[in-house]
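Here are some notes for a colleague who is new to this structure.

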Amino acid sequence: MDAALIWEWVIKSLFIILFMTAGFAYVTLLERRVLARMQVRIGPNRAGPFGLLQPVADGVKLIFKEELIPAYADKFVFVLAPVLTVIPALIITAVVPWGPQVMLFGRPVPLYLVDLNIGVLYIVAVTSISVYGIALAGWSSNNKYATMGGLRATAQMISYELALGLAMLAPVMMAGSMSMVDVVESQRTLPFIVLQPVAFLIYFMSSLAEINRAPFDMPEAEQELTAGYHTEYSGMKFALFFMAEYIKMIAVAMIGSTLFLGGYAWPLPPEWLGGFAGPINLLAKVLVWLFVIIWLRATLPRIRYDRLMFYGWKVLFPVALVNIVITAVVIVLVGG
Amino acid sequence: MTEIREVSVDELRHLVSDRARSGETMLLNMGPQHPSTHGVLRLLLELDGETVVSCIPDIGFLHTGVEKNMESKNYQQAEVMTDRLDYLNPIGNNLVYSLAVEKLLDLDVPERAQVIRVILAELTRINSHLVWVGTSALDLGAMSLFLYAMRERELILDIFEMCAGQRMMTTYVRPGGLWRDVPVEFEAAVRDFLALMPARLDEYERLLNNNPLFLERTSQIGIISKEDCLRYAATGPVLRAAGMAYDLRKARPYSGYETYDFDIPTETAGDVRARYLVRMAEMRQSLRIIQQGMDRLPYGPVRSNNRKYVPPPRSEIGVSMEALIHHFKLWTEGFSAPQGSVYATIESPRGELGVFLESDGGPKPYRVHFRTPTFPNLQIMPLLSRGHFVADVVAIIGSIDIVLGDADR
């Protein structure tokens with residue numbers, strides 16, 4: 001292992017973290033602008049051209065805000081919770097491949113940080129951690145609304161993780177590997193959404209529930225629970241929760257595109273443009289995915305908590321199981 | 001660090017069940033600062049998990065002493081206070097007050113003023129229902145509808161502004177007629193609105209009516225029977241959604257409502273969805289009434305000629321000694337009303353709005369009391385929310401359509 005390889009890893013890790021953070025900032029802007037358009041408003045357009053500096057202004061505001069810790073809060077856990085929430089969100093995309101190998105500075109560089117042979121498992125494992133952050137945030141605030149929000153979030157994320165995991169198994173079975181790179185490479189001609197539309201729909205719905213987005217934004221149901229688990233948070237600690245939510249939006253879009261929509265390998269051949277057609281493929285899909293998520297938020301009312309649990313356990317979970325069984329049988333019959 | 005004193009559950013024992021004292025159920029204070037209590041309503045919820053065991057509404061956070069204040073103002077000045085009661089129904093409040101004063105003084109109102117009153121009162125009803133449909137959809141998480149409703153409401157507020165010079169605090173309807181005639185642009189503006197609105201209402205209904213998520217949130221939630229409505233004196237869309245076609249515009253017509261052709265929409269389910277359907281249908285009926293009003297709008301004066309109570313037109317003051325004296329007397333000391341007490345009612349967007357005036361013969365009312373629809377309607381809140389989830393409480397508050405300025409006078 002040479003020093004250059006270590007440098008390569010460090011740079012790639014830094015790039016991913018910076019990309020996700022900057023992506024978060026601009027997804028908030030995208031959301032506000034798109035929502036505004038759909039709601040016959042204008043949206044933020046004062047800071048910089050087209051409001052492009054709005055995220056900077058928001059960031060500066062949040063940094064300079066006073067950080068209150070409620071008198072009866074459990075201070076250590078209260079501070080720990082946002083950190084626990086944001087870190088899994090930042091590292092989750094480490095296994096998502098952006099493209100095949102490219103030549104950079106005279107050496108071949110694969111456009112992914114790591115090709116784990118258990119990539120999909122890694123994703124499922126890391127998403128589970130962020131539940132702790134939210135549950136602890138709700139609990140440590142010592143506020144009834146926050147506690148209820150935190151409990152709802154925990155129940156919701158745990159229930160939907162099952163369906164989510166089962167939906168992610170379908171492409172894994174099709175590709176015969178848990179490595180994200182192998183999954184993408186086996187979609188060069190045909191993305192898995194064509195063969196696995198049911199799994200794709202289950203993935204889409206449960207990922208919305210997993211990241212607490214409308215119409216499953218129960219934990220932070222503003223109209224019932226004020227702001228849910230982050231009611232008592234202010235300043236940068238609040239910003240971290242906010243950041244985790246939006247980074248997770250990008251992450252599920254990236255993972256979903258990789259598993260079902262052909263990732264970097266489809267529709268442009270990824271070797272074009274010296275290998276940089278791969279990232280273009282991926283990011284275009286991510287943008288469309290994010291747009292759909294925002295679109296849903298503008299259109300749909302919130303689903304009620306008990307109905308949400310009903311859908312998770314009694315609709316999505318059995319359907320996902322049946323889908324897995326059928327996929328397995330077909331794979332065995334056709335011969336993989 | 002300052003010490004925080006918590007109200008102990010024992011102090012609330014007359015309000016909550018014994019299970020709350022043993023800690024088995026949770027007491028949750030919802031409001032007065034809460035995003036979906038429509039102003040400053042406070043609800044004390046006793047929760048078993050997420051299920052509401054009991055719900056205790058607490059009002060008074062918007063108490064402005066309007067009724068008491070009116071006793072120290074003469075009849076003309078007191079009207080300004082009426083706008084501040086139910087801020088979504090300013091013309092209706094002006095109207096009911098004017099009706100009461102007219103009844104007390106036995107004043108006549110010219111035909112043109114009557115028709116304009118009806119048109120504006122119905123516009124106010126649409127205005128109020130638009131705010132309601134927007135905010136109650138927002139409470140259910142459908143945020144876009146709120147902004148669409150505000151877009152249409154803006155057109156109505158523009159019409160108010162061109163008539164009264166004010167968007168919300170109009171004080172436009174005065175005892176004996178109107179403050180002044182409507183401007184020439186009024187007719188075109190109202191006709192534009194009439195042409196636009198049905199399509200917009202269709203758009204709202206496309207977004208909500210058959211939306212499975214909306215159906216789930218509203219059907220079979222917060223059911224009340226006709227008998228319970230009558231027991232609690234709940235009126236307006238709440239009563240009509242429970243199956244009783246009671247509308248003061250038909251039951252006790254005023255301002256010539258008996259000459260208009262319109263229906264009273266009713267539903268029988270008595271749930272949140274029924275109240276939604278009734279209000280949506282009412283907006284269409286209001287459009288019908290406005291259309292008829294525009295078609296018959298006669299020319300003529302908009303103020304009574306009774307100079308003892310109604311100020312003379314400005315143009316007469318320069319040429320008539322009598323007019324100058326009346327003007328001076330009316331704007332310095334006001335008019336003295338004959339002794340007696342009257343009660344006048346209208347159908348406000350929220351139900352029966354009544355005003356009771358007691359006169360001791362002087363220029364100021366001895367006592368003014370408003371029978372506002374929100375107050376009795378709010379009483380059914382504990383009945384409606386028992387056994388539902390916290391999320392439903394929000395839907396139920398929205399469906400009663402409370403305005404706290406109306407409940408706390």
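1. A cavity is a set of points, on a 1 Å grid over the protein atoms alone, where a 1.4 Å probe fits but cannot get out. Its volume is the space filled by probe spheres set on the points, which are joined across faces, edges and corners. The largest cavity holds about 100 Å³ of space, and the count of cavities of 30 Å³ or more is 7.

2. This is a predicted model, in which local features need pLDDT of at least 70, side-chain atom pairs count only at pLDDT 80 or more, and totals for chains, interfaces and linings use all residues. Residues are numbered from 1 along each chain as its sequence is written, chains are lettered from A in the order in which they are written, and side-chain values use heavy atoms, without hydrogens and water.

3. Lining the largest cavity are 13 residues (those with an atom within 4 Å of a point). W132(B), S136(B), L140(B), F214(B) and V272(B) lie nearest its centre. The helix α5(B) gives the largest share of the lining, 4 residues.

4. Across all chains there are 25 aromatic pairs, meaning rings of Phe, Tyr or Trp (its six-membered ring) with centres within 6.5 Å; planes under 30 degrees apart are stacked, over 60 edge-to-face, the rest tilted. Y254(B) and Y257(B) form an edge-to-face pair, 5.0 Å centre to centre with 75 degrees between the planes.

5. Another edge-to-face pair joins Y309(B) and F335(B), at 5.4 Å and 85 degrees. Both lie in loops, so the pair ties together parts that are 26 residues apart in sequence.

Methods: On a 1 Å grid over the protein atoms alone, a cavity is a set of points where a 1.4 Å probe fits but cannot get out, and a pocket is an open set with protein on both sides within 12 Å along at least five of seven lines; lining residues have an atom within 4 Å of a point. Helices (H or I, at least four residues) and strands (E, at least two) are DSSP runs, numbered from the N terminus.
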